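I opened a new page for this structure.

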Amino acid sequence: MEDLFVLGTDTGVGKSVLSLCLMRYLAARGYDPFYLKPVQTGCDAPGDEGSDARFIHAHVASLRGNDCTGSVIYCFREAKAPLFAARNEGRGVDFPFLVEEIGRRGAEGRPRVIEGAGGLFVPLAEGRMMIDLVEQTRSRPVIAARAGLGTINHTLLTIEALQSRWMPPPGVVLIDGGETPTPRTMIEENIEAIERASGIRVAGVIPRIADFDGPLDYLDPVLKALAGC
């Protein structure tokens with residue numbers, strides 16, 4: 001199956017949660033997925049507290065206890081756009097190397113779940129943004145968006161940017177991860193607006209998950225629409 005590239009309409013929208021759900025879904029179906037966070041910012045090392053790779057490895061049974069270093073290609077201390085986080089350390093992101101290294105990680109026949117950093121137009125390297133990485137990896141883009149107020153604009157802009165490069169996403173997932181659930185009426189209105197304006201289906205909503213080690217099979221219809229299997 002195709003590699004999946006998990007995109008966010010913004011930072012902090014729930015990309016890691018969606019990545020975890022996709023990893024668990026694919027693993028349950030025997031695909032043995034490989035998780036990749038090509039560029040991690042906001043920590044010293046892939047295994048540090050707060051690392052997305054550490055979070056994924058902690059809650060996917062087949063990965064639990066394994067070293068997560070191989071899931072991260074670049075790691076920078078400051079929680080900011082990769083271009084600037086790298087620059088502040090006197091380093092840089094080698095974009096061609098990054099693309100090649102993504103292709104080398106994992107094993108043949110194993111789908112990759114690739115998690116981006118921030119939104120599509122986050123500066124990644126000199127002259128390169130996250131959308132360029134999606135394009136170069138030829139992955140299937142899936143969009144994680146907030147469920148509440150403001151998501152219509154951010155989601156439609158993300159979809160339009162992908163469509164402008166002939167990369168229409170198979171669907172959007174709304175992540176309702178706040179302490180207070182988004183009113184159902186607002187969610188329904190958001191879904192209606194996104195689908196009408198873009199023609200892209202909203203696969204569903206992922207509510208706040210209290211136990212990331214608990215069963216997630218209630219999300220199977222949402223994840224199936226994204227993964228295509």
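I began with burial: a residue is buried under 20% relative accessible area, exposed over 50%, and partly exposed in between (1.4 Å probe, protein chains only). Tyr 74 has 10% relative accessibility, so I logged Tyr 74 as buried. Phe 97 stands at 32%, so Phe 97 went down as partly exposed.

Before going on, I noted that this is a predicted model, where local features need pLDDT of at least 70, side-chain atom pairs count only at pLDDT 80 or more, and totals for chains, interfaces and linings use all residues. Residues are numbered from 1 along each chain as its sequence is written, and side-chain values use heavy atoms, with hydrogens and water left out.

**Rings**

I looked up aromatic pairs, meaning rings of Phe, Tyr and Trp (its six-membered ring) with centres within 6.5 Å; planes under 30 degrees apart are stacked, over 60 edge-to-face, the rest tilted. I found 3 such pairs in the structure. Tyr 74 and Phe 76 are stacked, with 5.9 Å centre to centre and 15° between the planes. Both Tyr 74 and Phe 76 are buried. Tyr 74 also pairs with Phe 97: the centres are 6.3 Å apart and the planes stand at 80°, so I wrote edge-to-face. Tyr 74 sits in strand 3 (residues 72-76) and Phe 97 in helix 4, so this pair ties together parts 23 residues apart in sequence. Here helices (H or I, at least four residues) and strands (E, at least two) are DSSP runs, numbered from the N terminus. I recorded Tyr 74, Phe 76 and Phe 97 as one aromatic cluster.

**Helices**

Next I checked which residues of helix 4 meet helix 5. Phe 95, Leu 98, Val 99 and Ile 102 of helix 4 meet Asp 132, Leu 133, Gln 136 and Thr 137 of helix 5, where contact means heavy atoms within 4.5 Å.

**Backbone angles**

I then searched for a positive phi outside glycine. Arg 138 has one of about 55°. I placed Arg 138 in the loop between helix 5 and strand 7 (140-146). Its relative accessibility is 71%, so Arg 138 counts as exposed. Trp 166 also is not a glycine, yet has a positive phi of about 60°. Trp 166 lies in the loop between helix 6 (151-164) and strand 8 (172-176). I noted Trp 166 as exposed, with a relative accessible area of 80%.
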